[in-house]
Amino acid sequence: MPEPTRLAGLHSWLLTQTAAQASRLVNEGFASADARGYHFRVLATLDEHGPASQAALGRRSGIHLSDLVAAINELADRGFVERSPDPGDRRRNIVTVTAAGREQLARLERQLADVQERLLVPLTGPERAELATLLGKLLGYHRMSS
């Protein structure tokens, strides 16, 4: 059943409905690799920024500390990250991505590439670039104003 016309023209409605579809596709893609979105965010952050304390990792990845600890535990249990005492402060742990973690990150990146293709299939290359630019502009503005 189609949505009411009043909704079909609202940018906020279109964005939230598209985001819901994107989220479903991403979750399915990660589940097929036995992973969750937080796993990707932790591994990508560590790979890009290097070893970090849990607090720094939380800030860099945007993951709340309680969710971050659970994700780190899951990743450590699978050998994708290691914790070691911080030489400068033995009360703090440093989290480091392992070689197996980098391999998992590569698998997750392949899943995300597939998801991007499935999500954006009706758009041309230039339309995809324009969409990314516009969404980035919106997100940047609202991050700065909140």
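User: Which residues of helix 5 are buried?

Analyst: In this predicted model, the buried residues of helix 5 include Leu68, Ala71, Ile72 and Leu75. They lie on the same side of helix 5, because the arc they cover around the axis is only 100 degrees.

User: Why would residues spaced like that point the same way?

Analyst: An α-helix has 3.6 residues a turn, so residues three or four places apart point the same way.

User: And what do the buried residues of helix 5 pack against?

Analyst: Their packing partners are helix 3 and helix 4, together with strand 2 (81–86) and strand 3.

User: How far does helix 5 reach, and what comes just after it?

Analyst: Helix 5 has 13 residues and reaches 18 Å from its first C-alpha to its last, close to the 18 Å expected at 1.5 Å a residue. Just after helix 5 comes Gly79, which takes a positive phi of about 80 degrees.

User: Switching to the core: how many residues are in the largest nonpolar one, and which have the most contacts inside it?

Analyst: The largest nonpolar core has 22 residues, and those with the most contacts inside it are Val42, Leu43, Leu46, Leu57, Val81 and Leu108. Among the elements that give two or more residues to this core are helix 5 (65–77) and helix 6 (99–120).

User: What does Leu108 touch, leaving out residues up to four places away in sequence?

Analyst: Leu108 touches Phe30, Ala33, Ala35, Phe40 and Leu43.

User: Are Phe30 and Phe40 buried or exposed, and how are their rings arranged?

Analyst: Both Phe30 and Phe40 are buried. Their ring centres are 5.8 Å apart and their planes are at 25 degrees, so the pair is stacked. This pair links Phe30 in helix 2 (residues 11–32) with Phe40 in helix 3, 10 residues apart.

Terms used. Residues numbered from 1 in each chain as written. Predicted model: local features only at pLDDT ≥ 70, side-chain atom pairs only at ≥ 80, totals over all residues. Heavy atoms only, no water. Core = buried A, V, L, I, M, F, W, Y, C linked by side-chain atoms within 4.5 Å. Buried < 20%, exposed > 50% of the residue type's maximum accessible area, 1.4 Å probe, protein only. Helix = DSSP H or I, 4+ residues; strand = E, 2+ residues; numbered from the N terminus. Contact = heavy atoms within 4.5 Å. Phe/Tyr/Trp six-rings, centres within 6.5 Å; stacked < 30°, edge-to-face > 60°. Expected span 1.5 Å × (residues − 1). Arc of directions from axis to C-beta.
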